[in-house]
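Please keep the 3D view open as you read.

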Amino acid sequence: MEGNYLEAGLVGEQEIETREMTLNMGPQHPSTHGVLRIILKLSGEKVLNADCVIGYLHRGVEKIAESRNYHSFIPYTDRLDYMAGMSNNLAYVMAVEKLLDIEAPERAQYIRVICAELSRITGHIVAIGASALDLGAMTVLLYGFRDREMILDLFEMICGARMTVNYMRIGGVSNDATDMFLSKCLDFVNYFPKAVDEYEQLLTNNRIWLKRTRDVGRISASDAVALGLGGPNLRASGINRDLRRDEPYLIYDKLDFRVPLRENGDVFDRYIIRIWEMRESIKIIKQCLEQIPEGPVMARESKHCFPDREKVKKDMESMIHHFKLVMHGIVPPVGEVYRAIESPKGELGFYIVSDGTGKPFRLKIRSPSFVNLESLNTMCTGGFIADVVAVIGSIDPVMGETDK
Amino acid sequence: MSSVNILEKISENFGDAIVESGSFRGDDTIVIKLEKFRELCRFIKFNADLNFDYLLDVCGVDYIDRKPRFDVVYHLSSIAKKHRLRVKVRVDEGIKVPSVTSFWKTADWTERETYDMFGIEFDGHPDLKRIYMDDNWKGFPLRKDYPEKGYKDDLNPFGEEV
């Protein structure tokens with residue numbers, strides 16, 4: 001063990017007897033953002049190893065999926081990353097749509113992009129606010145939650161729920177966006193850039209914030225790729241990968257937006273990438289609101305997609321289809337697909353194996369938080385114990401998604 | 001590089017080691033013999049045209065009535081080339097799969113997850129232990145013969161009788 005002390009710079013001129021210490025952090029700890037437990041090996045204040053213990057929130061969602069039909073699994077997805085329920089819904093329904101080879105109508109695609117970007121903003125607000133709170137800056141969280149409230153109100157307006165939205169449907173969305181929603185959304189888009197300025201005023205040039213975040217928890221580009229880091233964390237290390245641009249889904253290819261990139265891969269870069277991404281999201285939503293066409297919000301695929309609510313009450317055919325869909329679900333062809341989207345935390349993918357029955361034979365969730373958290377050890381090792389909370393905040397893990 | 005080329009390129013080099021290959025809904029899939037698996041990993045990672053440097057996920061699938069019983073599925077992507085590939089190996093219970101942690105470090109946790117859920121062991125993994133379930137847990141939850149409610153014990157009165 002002597003080598004470690006030397007590396008940590010603890011064996012100096014006079015020989016003092018030092019001992020490696022193991023410290024348990026979590027699972028009940030305010031700064032681990034959920035039930036994450038970390039076993040820290042310390043030499044003085046230096047971290048020698050940070051071993052994550054996860055699984056405290058494991059609910060067996062993948063097992064549950066195997067006994068539900070395709071539609072009834074949608075509500076389980078927004079309980080994964082509960083900070084950005086819309087993105088989870090979207091990733092799942094898009095995987096099923098790929099399996100069925102159907103596409104949502106254009107208006108639904110626009111609404112989906114609006115909702116996905118709004119949920120990206122909520123996710124990033126919580127990420128920034130909570131990590132600032134961990135480092136002692138409380139105001140950002142309060143300002144952030146003030147603005148997040150507006151987004152949650154928008155979600156409530158469009159689907160009736162604030163966080164567990166259950167809004168996306170296979171082949172479209174459950175409710176059309178009303179003019180009221182669109183105009184409120186525009187109000188928010190016009191308001192929000194000023195709010196981001198406020199966050200930046202509080203943090204970006206704040207000396208204490210800079211001291212706590214610059215060059216802390218660094219991860220190199222090659223390590224980030226090897227460890228499968230994703231989303232803002234990967235882009236903070238200088239890897240230019242964003243599925244919205246690289247493999248455009250929905251209508252992202254019609255939109256003009258920039259993918260922010262930084263090179264240091266430290267806590268500060270991961271923070272600033274999120275700030276910039278929120279600004280880009282606003283740009284995206286604004287374009288969507290300008291371009292959104294009229295039309296249906298559900299694909300006309302009566303074997304796979306729910307019929308119009310009004311029609312179910314009046315039209316025999318629609319009622320039969322509705323009944324069949326609720327009772328038996330959809331029956332996709334035999335095959336397997338993997339579909340991923342750029343969620344606020346990175347690549348969120350669903351791998352579905354279908355055996356030609358109404359239930360998935362196997363459903364695997366490639367959750368970004370799980371993979372991102374794997375890098376925690378690399379980021380923390382060699383740093384100070386006080387920086388561990390800064391690093392956790394900057395990775396932005398959501399345990400609901402990590403533990404599935 | 002178009003999708004057809006990936007499969008062609010691999011079949012050029014691994015002709016008879018490929019059990020199955022094909023494309024469904026644009027996803028390319030290769031099923032490779034277990035003996036050639038590590039070689040394939042090295043090839044697809046370091047070949048300049050393929051360059052699969054980003055491992056997304058490792059997972060198992062339990063085909064309980066089939067022999068060999070399990071599929072181990074690897075989802076790969078290339079950051080530079082922006083293409084994807086799914087590689088599968090088929091193993092029976094008790095057969096070890098060579099670990100790919102030496103090629104992609106991220107496989108550490110995902111292989112542990114596969115072990116935890118299916119009991120598939122990985123040869124050469126640095127620290128193969130359960131990741132979600134308790135260390136003393138009996139059985140592997142995502143296997144098809146594991147009941148959805150779990151087994152009945154002191155903590156789970158609603159589980160199925162053993």
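In this predicted model, strands β2 (residues 27-32) and β5 (residues 84-91) of chain B run parallel and are joined by four bridges.

Two helices of chain B can be followed from here. Helix α2(B) lies across β2, β4 and β5 of chain B, while helix α3(B) packs on the sheet and touches β3 and β4 of chain B. Their directions compare with the strands as follows.

| Helix | Residues | Reference strand | Angle |
|---|---|---|---|
| α2(B) | 37-46 | β5(B) | about 170 degrees |
| α3(B) | 107-118 | β3(B) | about 5 degrees |

Now for the sheet as a whole. Five strands of chain B form an open sheet with mixed pairing, in the order β1-β2-β5-β4-β3. Strands β1 (18-24) and β3 (54-62) of chain B stand at the edges with a single partner strand each, so one side of each has no neighbour in the sheet. From one strand to the next, the twist averages 20 degrees.

Finally, let us turn to where the chains meet. Here 32 residues of chain A are in contact with 25 residues of chain B. Several elements of chain A supply at least two residues each to the side that touches chain B, among them helix α4 (85-100) and strands β6 (335-343), β7 (346-354) and β8 (360-366). By residue type, that side of chain A consists of twelve nonpolar, seven polar and 13 charged residues.

Key
Residues numbered from 1 in each chain as written. Chains lettered and ligands numbered in written order. Predicted model: local features only at pLDDT ≥ 70, side-chain atom pairs only at ≥ 80, totals over all residues. Pairing = 2+ DSSP bridges. Axes fitted to C-alpha atoms, helices over the stretch in contact; angles between N-to-C directions. Contact = placed C-beta atoms within 7 Å. Nonpolar A, V, L, I, M, F, W, Y, C, P; charged D, E, K, R; others polar.
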